[in-house]
Every structure is written in C-alpha cells, then in structure tokens.
Amino acid sequence: MMKIWAMTDVGLVRKDNQDAYGTEFHAPSGHTVCVVCDGMGGENGGHIASSRAVEIIGQALSRGLAAHPLPASVKPLLLSAVTAANAVIYDMGAADERLRGMGTTVVAAVLLGDMLYIAHAGDSRAYLAAEGGPQRRITRDHSVVQLLIESGEITEREARSHPKRNYITRALGVERTVEVEYMEQPFPSGRLLLCTDGLYNYAPPEEHMELITTCASEQ
C-alpha cells in the first residue's frame, strides 16, 4: 500500500517560503511521482522558480507516464521534464529584470512497479530506508561543501556548519542548460524521503527516520 505525506513550512528565520513540492499517485498505471524544489534568488523570484519547476515537471511526468507506463520510458521522461523546466525558468529570468538570477534545486522521483527512478540537480536530497533497514542518502549534493568532502578537506560533520554550506554548483534556471544527475534502483518496499536543506540542516539525517516513524499521525 502506498502512502504519501508532504509538508513545507516557512520556519522562524525567513519571511517567505521558497520550497515547493508536488505528489501524485496514478492508480491506472500504478506510478507515483514526487517532486521537491528549493528556490534561490531571494526576492528575485526563488519561490516562482521552485513552484514553476514543480508544475512543469509534475505535469510532464503525469502525462507521459499515463500514456507510456513502461520502465523504459521513465528515464527519458524524467530528464526531458527537468530539462524543460530549466529552459522555462531561464527564459523567464532573461525576459524579466525582476526575475534575473532566480533558480531552484530539484529532486524528482518516480516509483513504478518495484523500481525507483530519480533525477536531481542542486542540494535537495533523497534518502531511502528499506523495510527494517537503516536510512541512507542516495543522491549526491551538487555543492561546494560536497566537493570539499570528496577532496578530503572537510568531514561530513564539518560540512554542516561550513560557511559555504549553502553554495550550490547546479540549479535549474541559472544557465541555459543544466547537467541533471540520474539514478535508478530496486525499491520493493520501505520509505523514501525527499527533502530540501531546510530539513537536514535543522535535524541531522541520522534522526530523520526516527522522527518519521515516531509520528503517530499525518501531522
């Protein structure tokens, strides 16, 4: 049985919420689509970029998978949907001075059968916990601190408080083209968590599954 919970909150620091999400379960074809975006650009339209990306990607995947609910269709649909969102957001920023410089991270997931397919750009993440197993991160951040971790200059723990932890190296809408990372893997059962840095900077990743499993209600 598929259960989907989604929530966003502005928090106590910022005045506006630049996170956006969309979810869909399509019973006839059996696919599930989840998209999470985190806007950037401050008053220059970060919330517009994230909400527009969710809309474009969600609609493209829903239409495409309803028409072609085949495993071989998922990768090209995911990549084309994210690429289309990038082009639209870039053109919006180029056409309107008030939106210049806006962009958004994205992590988009499709579940079809017992397979999980993910495309992402930026530092929004996907975590996976197989039934009865520990949580593990399955996406790689496109960020400055991730590069520093991989080069051995800092540790994962040091990255959490690093002054450049919010510097990302990829985002939708910033350039005319974007390099999208794609992965797929079996997912017969368990829990999938998609989130922005607003969650993992607030609660350490090792606490996520405990927070989720101890919730007694949808809230």
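I count two strands as paired if DSSP finds at least two bridges between them. Helices (H or I, at least four residues) and strands (E, at least two) are taken as DSSP runs, numbered from the N terminus.

The model is predicted: local features need pLDDT of at least 70, side-chain atom pairs count only at pLDDT 80 or more, and totals for chains, interfaces and linings use all residues. Residues are numbered from 1 along each chain as its sequence is written, and side-chain values use heavy atoms, with hydrogens and water left out.

**Entry 1, three-stranded sheet.** I looked up the strand order and found β6-β5-β8, an open sheet with antiparallel pairing. Its edge strands, β6 (135-137) and β8 (190-195), each pair on one side only. On average, neighbouring strands here are turned by 20° against each other, direction ignored; axes are lines fitted to C-alpha atoms, for helices over the stretch in contact, and angles run from 0 to 180 degrees between N-to-C directions. I then noted three bridges in the antiparallel pairing of β5 (residues 125-130) with β6. Opposite alanine 129 stands glutamine 135 in β6.

Between β2 (residues 31-40) and β3 (residues 103-112) I found 10 bridges in the antiparallel sense. Threonine 32 stands opposite leucine 111 in β3.

I examined α1 (residues 46-67) against α2 (residues 71-95): they pack at an angle of about 150°, with axes 9 Å apart. The two helices are therefore roughly antiparallel (under 35 degrees counts as roughly parallel, over 145 as roughly antiparallel, 65 to 115 as roughly perpendicular, the rest as oblique). Residues of α1 that meet α2 include Ile48, Ile56 and Leu65; among those on the α2 side are Val74, Leu78 and Met92.

The charged end of arginine 125 sits over the ring of tyrosine 200, 3.5 Å from its centre; the criterion is NZ of Lys or CZ of Arg within 6 Å of the ring centre and within 35 degrees of the ring normal.

Key
Contact means heavy atoms within 4.5 Å.
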